[in-house]
Amino acid sequence: MSETKELLRRGVGGFEPTPDAFERVLVRRDRKQRNRRVAAGVLGIAVFALGALAFVRLLGSERTPASDPANPFEGTWVSTSDLDGGTQTMTVVVSADGAVEITVLDTIATVCGGTASTMTGPDGSRTAPRS
């Protein structure tokens with residue numbers, strides 16, 4: 001350890017700091033703090049602006065009404081969020097007398113050994129999947 005002290009003593013023994021060294025350190029610290037605050041403020045403003053823009057778009061978005069307001073679920077619905085990677089398609093058809101026919105197609109049905117599956121039923125009743 002004494003060798004290290006001796007090397008340091010020889011290296012910086014004649015060093016005389018400038019009179020304003022401490023003030024320069026304080027100025028640098030203050031500048032860094034100011035820059036951090038400005039960056040945080042800019043980030044906060046950007047997040048607020050994006051949130052406000054999303055809110056305005058949500059309120060001002062044009063909604064497409066159902067083709068028949070009495071049967072808002074009539075049509076075709078597609079889902080791709082199945083865990084086995086399949087794509088599900090549900091078709092809802094309403095006949096003239098008001099009867100509802102639902103058909104669900106799954107391209108990869110785990111319960112059918114990974115093959116395609118079709119379920120059909122009136123008025124939302126459930127039938128066993130067919131592979």
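The following paragraphs lead the reader through this structure, from its overall layout to particular residues and their contacts.

The structure is a predicted model, in which local features need pLDDT of at least 70 and side-chain atom pairs count only at pLDDT 80 or more, while totals for chains, interfaces and linings use all residues. Residues are numbered from 1 along each chain as its sequence is written, and side-chain values use heavy atoms, with hydrogens and water left out.

The chain contains two helices and four strands. Here helices (H or I, at least four residues) and strands (E, at least two) are DSSP runs, numbered from the N terminus. Followed along the sequence, these elements give the pattern α-α-β-β-β-β. Of the 131 residues of the chain, 8% count as buried. In this description, buried means under 20% relative accessible area, exposed means over 50%, and partly exposed lies in between (1.4 Å probe, protein chains only).

Side chains of opposite charge can pair when their charged atoms come close. Such a pair is called a salt bridge when a side-chain nitrogen of Lys or Arg is within 4 Å of a carboxyl oxygen of Asp or Glu. By this rule the model has three salt bridges. Glu6 forms one of them with Arg9, and the closest N and O atoms are 3.6 Å apart. Both Glu6 and Arg9 lie in helix α1, where three residues, or about one turn of the helix, separate them. Arg10 also forms a salt bridge with Glu6, with the closest N and O atoms 3.9 Å apart. These two residues, Arg10 and Glu6, are four residues apart in helix α1, again about one turn of the helix.

Patches are made of residues with over 30% relative accessible area and no salt bridge; like charges are joined within 9 Å, and nonpolar side chains (Val, Leu, Ile, Met, Phe, Trp, Tyr) within 5 Å. For the charged kind, Lys and Arg count as positive and Asp and Glu as negative, while His and the chain ends are not counted. The place of a charge is taken as NZ of Lys, CZ of Arg, CG of Asp or CD of Glu. Arg28, Arg31, Lys32, Arg34 and Arg36 gather in a positively charged patch on the surface. One of its members, Arg28, is located in helix α2 (residues 21-60). Arg28 is partly exposed, since its relative accessible area is 47%.

A nonpolar patch is formed on the surface by Leu8, Val12 and Phe15, which together have about 340 Å² of accessible area. Accessible areas come from the Shrake-Rupley method with a 1.4 Å probe, and for residues only the protein chains shown count as cover. Phe15 lies in the loop between α1 (2-12) and α2. With a relative accessible area of 58%, Phe15 is exposed.

Gln88 is found in strand β2 (residues 88-94) and is buried because its relative accessible area is 15%. Asp106 lies in strand β3 (residues 100-109) and counts as buried because its relative accessibility is 14%. The side chains of Gln88 and Asp106 make a polar contact at 3.4 Å. A polar contact is a pair of N or O atoms within 3.5 Å; within protein, one must be able to donate a hydrogen and the other to accept it, and residues adjacent in sequence count only if both atoms are side-chain atoms. The side chain of Asp106 also reaches the backbone nitrogen of Ile108, at 3.3 Å.

The last stop is Gly85, in the loop between β1 (75-79) and β2. Gly85 counts as exposed, with 55% relative accessibility. Gly85 and Ala109 are 24 residues apart in sequence, and their C-alpha atoms are 9.2 Å apart in space.
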